[in-house]
Amino acid sequence: MSVRLRMDLLVAAGAIGIALGAAGQAVAADKVSVRLSYTPFAAHIPIYVAKAKGYFDQVGLDVDILPGRGSTFAAMTVGAGKEEFGVSDAAAVLAARAKGVPIIAVANLQQDNGVALIATEKSGVTKVEDLKGRNVGILPGSTTTIFLEALLKKHGITMSDVSAVTWRPGTDLPMLLEGKIDAESTVYNNEVISWAIEHPELKLRVWPMASLGFDTPGYALVTNEELAKKNPAMVKGFTAATVKAMDYAISHPEEAVDILVKAVPELKAEVEAAKWKAMIPAAKGGGVLNRAKWESLNDILKTYAVIEAKPDLGAVLKDEYR
């Protein structure tokens with residue numbers, strides 16, 4: 001065998017080895033699911049950017065993004081191990097943990113809860129006490145309901161003092177327009193922004209929960225405690241990819257919104273761009289878990305009897321995966 005032929009064979013063998021290695025990496029990618037807090041919107045941009053930019057691929061993860069039905073639902077299903085990861089509001093995380101659900105927070109996507117009490121101007125509601133006897137919208141399984149209950153108790157009002165009207169995602173807008181709901185607790189940097197753009201005839205009074213004494217963290221990236229112990233590399237990879245995507249989306253807002261709208265065509269770019277612009281200040285911080293804010297939230301939930309006992313934050317907040 002000639003030297004040239006031998007060299008050609010070695011080069012070919014090396015190329016085959018590289019190809020097989022790449023194929024092996026593709027096969028080895030772990031397929032995981034992430035349950036969103038709600039139907040997709042701007043708050044979920046970091047997840048979509050991480051998928052579109054290949055950040056999840058880079059850490060060996062094939063990620064399936066699942067729409068949500070409220071933060072409480074996400075916290076419970078992820079805590080039960082039905083999905084590997086999720087996006088859930090901090091209040092829902094603590095409420096689930098207080099019930100024994102083994103859920104942990106590995107990063108904060110939003111440092112502000114983003115929740116507000118809103119009321120139509122025509123209702124005449126100008127303060128929390130005015131909610132007595134009024135039709136108040138309730139979304140079961142949502143963190144907005146947790147904050148509403150806490151807010152009412154803070155002002156000496158119980159749920160039996162209001163006329164609770166149950167709504168599902170997308171049904172509260174027509175109820176507000178038709179006067180079937182006077183007030184509700186909702187996300188001011190989501191629905192309220194959409195309505196201001198698309199339904200300027202709907203005049204609202206808006207009180208962010210932070211202005212009502214509830215300055216607490218917002219959306220968190222969550223996973224199951226057992227998964228984190230069994231596969232810390234997976235949890236670290238997913239968390240790092242999401243935080244990297246969040247930082248990218250803050251620096252490239254237009255591209256980030258385009259990625260979201262391309263993945264979810266029913267969304268409107270103008271609306272989601274306005275939402276993301278409003279969320280960027282709370283998204284800064286590199287995903288840090290602000291313990292002081294979490295402690296404040298823990299105290300609030302206990303004080304207003306949303307939870308019976310405060311969960312140990314040392315067991316809930318896991319910054320080491322970020």
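Q: What makes asparagine 224 a residue of strand β10?
A: Asparagine 224 falls within residues 219–224, the span of β10; strands here are DSSP runs of E with at least two residues, helices are runs of H or I with at least four, and both are numbered from the N terminus. This is a predicted model, where local features need pLDDT of at least 70, side-chain atom pairs count only at pLDDT 80 or more, and totals for chains, interfaces and linings use all residues. Residues are numbered from 1 along each chain as its sequence is written, and side-chain values use heavy atoms, leaving out hydrogens and water.

Q: Why is asparagine 224 called buried?
A: Buried means under 20% relative accessible area, with over 50% exposed and partly exposed in between (1.4 Å probe, protein chains only). Asparagine 224 has 9%, so it is buried. Its contacts (heavy atoms within 4.5 Å) include Val78, Glu84 and Pro102, not counting residues up to four places away in sequence.

Q: Why is valine 128 called buried?
A: Its relative accessible area is 6%, so valine 128 is buried too. Valine 128 sits in the loop between β5 (115–120) and β6 (135–138), and leaving aside neighbours within four places in sequence, it contacts Leu117, Leu151, His155 and Ile157.

Q: Why are α2 and α10 described as roughly perpendicular?
A: Helix α2 (residues 45–52) and helix α10 (residues 232–251) pack at about 105 degrees, with axes 8 Å apart. Angles of 65 to 115 degrees count as roughly perpendicular, under 35 as roughly parallel, over 145 as roughly antiparallel and the rest as oblique, so α2 and α10 are roughly perpendicular.

Key. Axes are lines fitted to C-alpha atoms, for helices over the stretch in contact, and angles run from 0 to 180 degrees between N-to-C directions.
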